[in-house]
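Me: I would like to go through this model step by step, asking at each point what a given label rests on. Please set each value against its cut-off before you conclude.

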Amino acid sequence: MPPTERSKSARHWLLPLLALAVGILGMVAVWLAAYLHFRTPSGWLALVAALDIALMLRLAAAPAGRLRAGLAVAGTAAAIALGYWMMAATEMGLLLGLTPLESSQRLGPVLFGELVRHTTSAWDIAWAGLALPLAWRLGR
């Protein structure tokens, strides 16, 4: 039985979506390690996340165009959000004796917002704002 066009398309995007997930999780791990080492949010890593996600999609042979650029922006936004979430969860986990993963599952949006508000500077937000258009540009 010959494969249909739909199944060919789904298989074609399997590797790029897997690369996107690996890029996001890898960048969150790097961001968390930098946070634990420097004890600062290191907002400039948002630009590295944009570069990493766009490169992962290119290496996985995602077709060029708006869809790849949109995935690069979405992946960068997810890496930024998850990175800050894990930083806040790790900070609370250290205080409560929880692992970062346990703490991240218990952290609520209000506490997350307060922790991020108190630890980030205007530069950290600016780097995140610059990373999204960079991801779009590199993703095309």
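Predicted model: local features only at pLDDT ≥ 70, side-chain atom pairs only at ≥ 80, totals over all residues.

Me: Why is arginine 58 called partly exposed?
Reply: Its relative accessibility is 44%, and because buried means under 20% and exposed over 50%, with partly exposed in between, arginine 58 counts as partly exposed. This arginine 58 is found in helix 2, which covers residues 45-59.

Me: What makes Arg58, Arg66, Arg137 and Arg140 a patch of positive charge?
Reply: Arg counts as positive, and a patch takes residues with over 30% relative accessible area and no salt bridge, like charges being joined within 9 Å. For arginine 58 the 44% relative accessibility can be set against that cut-off, and Arg58, Arg66, Arg137 and Arg140 gather in such a patch on the surface.

Me: How far apart are the mean positions of the positive and negative charges of the chain?
Reply: The mean positions of the 11 positive and 6 negative charges are 15 Å apart.

Me: How much of the chain is buried, and what share of its contacts is between residues 24 or more positions apart?
Reply: Of the 140 residues, 38% are buried, while residues 24 or more positions apart account for 73% of the contacts with a separation of 6 or more.

How values were computed:
Residues numbered from 1 in each chain as written. Heavy atoms only, no water. Buried < 20%, exposed > 50% of the residue type's maximum accessible area, 1.4 Å probe, protein only. Contact = heavy atoms within 4.5 Å. Charge placed at Lys NZ, Arg CZ, Asp CG, Glu CD. Patch = residues over 30% accessible without salt bridge, like charges linked within 9 Å, V, L, I, M, F, W, Y side chains within 5 Å. Areas by Shrake-Rupley, 256 points an atom, 1.4 Å probe, with all protein chains shown as cover. Salt bridge = Lys/Arg side-chain N within 4 Å of Asp/Glu carboxyl O. Helix = DSSP H or I, 4+ residues; strand = E, 2+ residues; numbered from the N terminus.
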